[in-house]
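Subject: Structure handover and notes

Hello,

Please find the structure below. My notes on it follow.

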Amino acid sequence: MSAAAVEHPCDDGPEPLLDTANRLAEQHPGYRVEIIGGVITVAPPPDGPHANALTTLMIPFLAAGLHGEESRVLQGIGLWLPGGPEDYAIPDLAIVDADLDEHRLENNCYDPAVFRLVLEVTSSNYSSDLRIKVAAYAEAKIPVYVIVDRKHSRVHVLTEPLGGAYDRHEVYAPGQEAPLPESIGAEVALDVAGLIKAGRARN
């Protein structure tokens with residue numbers, strides 16, 4: 001999904017970013033509106049291959065029993081970020097504690113503490129997923145961040161958040177499996193070739 005920064009109107013002083021973001025979300029149903037580092041971005045709805053990759057990703061998580069009594073596998077759930085007073089992100093996919101409803105914060109977003117893993121499937125905004133969101137998710141202490149990089153045909157697994165970065169960053173290519181830490185609640189390894197194939201447009 002390509003993302004563009006948005007400036008807010010300033011008729012009688014600046015509108016709160018959260019109000020601007022919510023107004024944009026209402027005006028553009030289906031678009032993903034986020035505030036990261038005090039900057040609003042608006043990304044159009046994902047394409048079919050992006051959605052196909054997400055569904056393919058869910059299969060091993062569901063097969064491992066991660067959508068059950070202890071945890072849930074969810075798409076498009078709001079994550080409140082500590083980087084700014086109104087910052088939040090909406091990762092493509094997340095594994096969260098099953099009691100997340102007890103940890104709802106502002107703007108229909110949830111405490112980072114309930115997130116075991118966040119995952120992004122790149123589109124034209126791949127640089128955001130590989131840079132800006134790395135820092136944001138690490139600062140929020142998300143234990144595992146997975147990036148399916150469709151542009152470069154690889155999967156990144158980032159673990160051990162420390163400040164605004166991850167201490168471990170493993171990269172996997174087609175033909176390999178990307179093992180995920182058992183801290184997510186089960187033993188899961190992602191088939192890189194299958195994910196890249198699922199996320200590729202068929203001409």
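Strand 7 covers residues 93–97, strand 9 covers residues 115–121, and the two pair in the antiparallel sense over 4 bridges. Helices (H or I, at least four residues) and strands (E, at least two) are DSSP runs numbered from the N terminus, and two strands count as paired if DSSP finds at least two bridges between them.

Two remarks on the source. This is a predicted model, in which local features need pLDDT of at least 70 and side-chain atom pairs count only at pLDDT 80 or more, while totals for chains, interfaces and linings use all residues. Residues are numbered from 1 along each chain as its sequence is written, and side-chain values use heavy atoms, with hydrogens and water left out.

Strand 9 and strand 10 run parallel and are joined by 4 bridges, with Val121 opposite Val148 in strand 10. Strand 10 and strand 11 run antiparallel, joined by 6 bridges, and Ile147 faces His156 in strand 11 across this pairing. These two strands form a hairpin with 4 residues between them, and Ser153 in the turn has a positive phi of about 55°. Strand 11 pairs with strand 12 in the antiparallel sense over 7 bridges; Leu158 stands opposite His169 in strand 12. That hairpin has 2 residues between its strands, and Gly163 in the turn has a positive phi of about 65°.

Strand 10 is mostly covered, with 6 of its 6 residues buried. Buried means under 20% relative accessible area, exposed over 50%, and partly exposed in between (1.4 Å probe, protein chains only). In a regular strand the side chains alternate between the two faces of the sheet. In strand 10, Val144, Val146 and Val148 point one way, Tyr145, Ile147 and Asp149 the other way, and all are buried.

Helices and cores

Which residues touch the most other members of the largest nonpolar core? They are Phe61 and Leu119, in a core of 27 residues. A nonpolar core is a set of buried Ala, Val, Leu, Ile, Met, Phe, Trp, Tyr and Cys residues joined through side-chain atoms within 4.5 Å. Two or more residues each come from helix 2, strand 7, strand 9, strand 10, strand 11 and helix 4 (192–198). Helix 2 gives the most, with 5 residues. Leaving aside neighbours within four places in sequence, Leu119 is in contact (heavy atoms within 4.5 Å) with Leu54, Leu57, Phe61, Pro91, Asp92, Leu93, Val146 and Val148. Another core, of 22 residues, lies apart from this one and includes Leu81, Ala89, Ala138 and Tyr145.

Two single residues

Val155 is in strand 11 and counts as buried because its relative accessibility is 0%. Its contacts beyond four places in sequence are Val146, Ile147, Val148, Glu170, Val171, Tyr172, Ala178, Val192 and Leu195. The C-alpha atoms of Val155 and Ile196 are 8.5 Å apart, with 41 residues separating them along the chain.

Pro45 is in the loop between strand 3 (39–43) and helix 2, and at 42% relative accessibility Pro45 counts as partly exposed. The C-alpha atoms of Pro45 and Tyr31, 14 residues apart along the chain, are separated by 5.1 Å.

Regards
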